[in-house]
Amino acid sequence: MDSGLILLSGGLDSKILLSKYREDISHALIFDCNQNNETIRAIQHANEYGISFSIVKLPIFDSTKEYPMRNLIFLSYAVSEALRTGAKRIYYATHYPPDYDKGYYFEDCSPKFVQEMNNFIGNYGLRIEAP
């Protein structure tokens, strides 16, 4: 088993990712961005699959606004946590729409972003998996 962390939200994407890679995931990071239902569903997902989790409170986020590069903050925290705990992989359920060339996406969801993050964190023996 390759010890891994997952960035777990209450959404379907991260639940499917957890389901697919459950055997490789030892812990979930749930980011509480003042979206109570999202946090509650993420906790339910972790409990359903029997994995431990930590809730990271981010009170700086206003749930009524969008924050470009928000995922960068989540991934930066996850990298630090992986280095601290010895995890080797960070699972990240991102969605990159087919019409990305029209600008309807966040840069930190792009394959290029994940590749560049992996280029950097690979120096520490880590990898982000964002299928």
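1. His27 is buried, with a relative accessible area of 16%, where buried means under 20% relative accessible area, exposed over 50% and partly exposed in between, for a 1.4 Å probe and protein chains only. His27 lies in strand S2, and, leaving aside residues up to four places away in sequence, His27 touches Gly4, Leu5, Ile6, Ile51, Ser52, Phe53 and Ser54; contact here means heavy atoms within 4.5 Å.

2. On the basis of these values: this is a predicted model, in which local features need pLDDT of at least 70 and side-chain atom pairs count only at pLDDT 80 or more, while totals for chains, interfaces and linings use all residues. Residues are numbered from 1 along each chain as its sequence is written, and side-chain values use heavy atoms, with hydrogens and water left out.

3. The largest nonpolar core has 23 residues, and those with the most contacts inside it are Leu7, Phe31, Leu75, Ile90 and Ile128; such a core is a set of buried Ala, Val, Leu, Ile, Met, Phe, Trp, Tyr and Cys residues joined through side-chain atoms within 4.5 Å. Two or more residues of this core come from each of strand S1 (4-7), strand S2 (25-32), helix H3 (70-85), strand S4 (89-92) and helix H4 (111-121), and H3 gives the most, with 5 residues. Helices (H or I, at least four residues) and strands (E, at least two) are DSSP runs, numbered from the N terminus. Apart from this core lies another, of 11 residues, among them Leu8, Leu18, Ile30 and Ala46.

4. Ile128 deserves a separate look: not counting residues up to four places away in sequence, Ile128 touches Leu75, Ile90, Tyr92, Val114, Met117, Asn118 and Ile121.

5. The axes of H3 and H4 come within 13 Å and cross at roughly 25 degrees, the axes being lines fitted to C-alpha atoms, for helices over the stretch in contact, with angles that run from 0 to 180 degrees between N-to-C directions. H3 and H4 are therefore roughly parallel to each other, since angles under 35 degrees count as roughly parallel, over 145 as roughly antiparallel, 65 to 115 as roughly perpendicular and the rest as oblique. Leu72, Leu75 and Val79 in H3 meet Phe113, Met117 and Ile121 in H4, and the residues of this contact divide into 6 nonpolar, no polar and no charged. For this division, Ala, Val, Leu, Ile, Met, Phe, Trp, Tyr, Cys and Pro count as nonpolar, Asp, Glu, Lys and Arg as charged, and the others, Gly among them, as polar.

6. Helix H1 (residues 12-21) and H2 pack at an angle of about 15 degrees, with their axes 11 Å apart, and are therefore roughly parallel to each other. Lys15, Leu18 and Ser19 in H1 meet His45, Glu48 and Tyr49 in H2, a contact whose residues divide into 2 nonpolar, 2 polar and 2 charged.

7. Two backbone values may be worth checking. Most residues other than glycine have a negative phi. Asn34, in the loop between S2 and helix H2 (36-49), has a positive phi, near 65 degrees, and is partly exposed, with a relative accessible area of 37%. Met69, in the loop between strand S3 (52-57) and H3, has a positive phi near 70 degrees and is partly exposed at 30% relative accessible area.

8. Gln35 also has its place in the loop between S2 and H2 and, at 31% relative accessibility, counts as partly exposed. Not counting residues up to four places away in sequence, Gln35 touches Ser63 and Arg70, while the C-alpha atoms of Gln35 and Asp62, 27 residues apart along the chain, are separated by 8.7 Å.
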